[in-house]
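Hi,

Here is the structure I promised to pass on. Have a look at it first, then read my notes below.

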There are 2 protein chains.
Amino acid sequence: MNALNVAEYTQTLGLQAKTASAQMARASASTKNKALKALARLLRENVAALAVDNARDLERATAAGLSAPMVDRLKLSPQVLETCAQGCEQLASMPELIGELQGLKQQPSGIRVGQMRVPIGVFGMIFESRPNVTIEAASLSIKSGNACILRGGSEAIESNKALARLVQQALLEAGLPEDAVQLVQTTDREAVGQLIAMPQYVDVIIPRGGKGLIERISREAKVPVIKHLDGNCHTYVDDPCDLDLAVRVTDNAKTQKYSPCNASESLLVARGVAAEFLPRIGAVFAAKGVEMRCDPEALQLLSPVSGAHLTAATEQDWFEEYLAPIISIKVVAGVDEAIAHINHYSSHHTEAILTRDHVHAQRFLREVDSSSVMVNTSTRFADGFEYGLGAEIGISTDKFHARGPVGLEGLTSLKWVVLGEGEVRS
Amino acid sequence: MNALNVAEYTQTLGLQAKTASAQMARASASTKNKALKALARLLRENVAALAVDNARDLERATAAGLSAPMVDRLKLSPQVLETCAQGCEQLASMPELIGELQGLKQQPSGIRVGQMRVPIGVFGMIFESRPNVTIEAASLSIKSGNACILRGGSEAIESNKALARLVQQALLEAGLPEDAVQLVQTTDREAVGQLIAMPQYVDVIIPRGGKGLIERISREAKVPVIKHLDGNCHTYVDDPCDLDLAVRVTDNAKTQKYSPCNASESLLVARGVAAEFLPRIGAVFAAKGVEMRCDPEALQLLSPVSGAHLTAATEQDWFEEYLAPIISIKVVAGVDEAIAHINHYSSHHTEAILTRDHVHAQRFLREVDSSSVMVNTSTRFADGFEYGLGAEIGISTDKFHARGPVGLEGLTSLKWVVLGEGEVRS
């Protein structure tokens, strides 16, 4: 396809999605759930067929010299497909959101005013590598009564095409329009530029992928973007604090897994407990090979820890999302300095205070300007499933519309409903 | 100021607003209400002084040849100031939104998860002519715990400066930072371009003014915009329908006032009731001098009405927001065609169905994709005060974040709060 053809093609997808979205918006809960259950069945029935398409992506990736972990992320194993199928069934069993009418109240004029939850319309999802995102996005879109246009990575194009065919088959089985979920069939990059600039057809863009991709999309999009940039999460050990709890939680926040965005990247410690706490957590980090990038005070307190990998932190370290066995450590005067430091350096994702002081806890919750604020627990809990949302579309580091872990509600909006009996305005 | 100085100046306002916003976010309800009451008192005490500053704007406007209604909108009469003062007192008496914790639920891991309402941070408001908007925006900003940067029209600059001084005096009296409400002191247009492109300082922009201004801001802004474009509102008279009610409500929706965005601009009538209904409403419109732009069927049914000003509607008429004694009229087959027509031509502001049929009413509410949908009442009710919001920042025709009339909640966001007792993730 040349650029002109790509533009035309993307516009066609947009128009088809917009048309399908009106049908999805009025679909009943049982129809949508029927499609989700059909999709779960089709995924299980097609494990072997999907392996054939998936193998073509895997061969191409291996031939192109992709690293083993990258190739692994492309793999549609029976286990991955079973997880996808179970995800669809779980969504089918969740309560219906759409059409819910809330807060209907009578006003002095006589009219009754409330708000109804409705689908947002059409969303575009742009993602890299893992093909199972096709099923996650499609099933969330069906459940929430939206239409969507999916743009996966070129390295998974054959797998994505095969999965999208199953999704469309499931939609048709349930009597829903197949255009409710469309996969962009070309790997041309121009299609992304088009997709994010069609406000007449697409209501919101959800990118999932590297920081470069998300920054580019945020900059160029002509529609709202639910974006997730860095997770530079902080754990602050306050004075007074239960230090056993602090060691256990700080260890979990940093080392339970290094790659997730909700892992803590920076540790702040109140001066009053630093001399006792830092050597204890330092020994844990040393044993696990975690590099500690410290301010001068922390460096001094940690220097007696045997086997500790200590370096002096630079200004840039306070901003850094390592996603690796590295943590920045700073001694602060107390809760005021901790809050000020976090609000300055954080990416506004998730921050935790570990404390026994009720007033400090309340101030931290109220004054730290991040999408999740926690008391006495691990930042690793910032997750749609852990929060009970049932499904997670992404984690938003924005303040607008959806903030933090975004569930199905993030794909809906509230419109005003007014019921009258012939009232007129005077 | 030259362009470089304007850029520097606007950045300084941004930094000051950001700093002040942290203090506003933790201010107690009583402190904010104290500032609002002080502002009300200062407005009343300074009626004479404000008249002097206002007179300079009025003289300049008259000398520049502005029309009498335009000059009138600039006027800070004692009545206008008293209304502003009462607005501040009303806000002071409204319940506090900030800090409210909702839906705290225990999860299987043991953590308790809920959401806390917090200020959005810093908003920029860009408005034209009426200086009383300075007080409306400032008081909403104080109540919601935000900081704001206000950019009024150049024609009201002296009045706005005088009002902003009183706002800052009220803030200081209550012990709040004066930078929580800042007026852009230059009338240089470059300042608007700067204000809408500082995502590091400004979280959302709210423009109030003509369509040209709002379109330009939406196109160029680097931060979210709560925007209100057209109000091409529809009233649909269904079959079956109480025609007495339909005549009364349709008349009100069109003629009670022509200029508001929630006035109906288009009338759709089900074929089954058109022959009886159209001559009746046509007589009302004829008596009030309302021009009727009709499709061929409506034209024929209305032609016997004596004194009716009838013209043939063009395609463009179905899109038009007249804000004048003009209405477009079309006969449709029924509720399906009405919904399809509205979803195609509407500006997604407000639409009403007048009907006796329960199923039609439910379908209209669910399927019409507008920010307000109504049954058996006048579109003129689409208004923050009529909806019981207490105060209105604007009416959003977007689906994202805030939709329809936007009250104080539109200036807040929800962050996640997690309370634990040392839980870790496994």
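**What I found**

Let's start with charge: chain A has 42 positive and 50 negative charges, and their mean positions are 5 Å apart. Bear in mind that this is a predicted model.

Now for the build of the chain. Chain A has 14 helices and 16 strands. Its radius of gyration is 24 Å, close to the 22 Å that the globule rule gives for 426 residues, so chain A is as compact as a globular protein of that length. If you want dimensions, the C-alpha trace of chain A spans about 70 × 70 × 40 Å along its principal axes.

On burial, 59% of the 426 residues in chain A are buried. As for contacts in chain A between residues at least 6 apart in sequence, 71% of them join residues at least 24 apart.

You'll find A:Ser370 in the loop between helix H14 (358-367) and strand S13 (372-375) of chain A. Is A:Ser370 buried or exposed? Its relative accessibility is 0%, so A:Ser370 counts as buried; the cut-off for that is under 20%.

The side chain of A:Ser370 makes a polar contact of 2.8 Å with the side chain of A:Glu351. Beyond its neighbours within four places in sequence, A:Ser370 is in contact with several residues, including A:Ser346, A:His348, A:Arg403 and, from chain B, B:Lys415.

Cheers

Note on methods. Residues are numbered from 1 along each chain as its sequence is written. Chains are lettered from A and ligands numbered from 1 in the order in which they are written. This is a predicted model: local features need pLDDT of at least 70, side-chain atom pairs count only at pLDDT 80 or more; totals for chains, interfaces and linings use all residues. Side-chain values use heavy atoms; hydrogens and water are left out. Helices (H or I, at least four residues) and strands (E, at least two) are DSSP runs, numbered from the N terminus. The radius of gyration is taken over C-alpha atoms; the globule rule is 2.2 Å times the number of residues to the power 0.38. Buried means under 20% relative accessible area, exposed over 50%, partly exposed in between (1.4 Å probe, protein chains only). Contact means heavy atoms within 4.5 Å. Lys and Arg count as positive and Asp and Glu as negative; His and the chain ends are not counted. The place of a charge is taken as NZ of Lys, CZ of Arg, CG of Asp or CD of Glu. A polar contact is a pair of N or O atoms within 3.5 Å; within protein, one must be able to donate a hydrogen and the other to accept it, and residues adjacent in sequence count only if both atoms are side-chain atoms.
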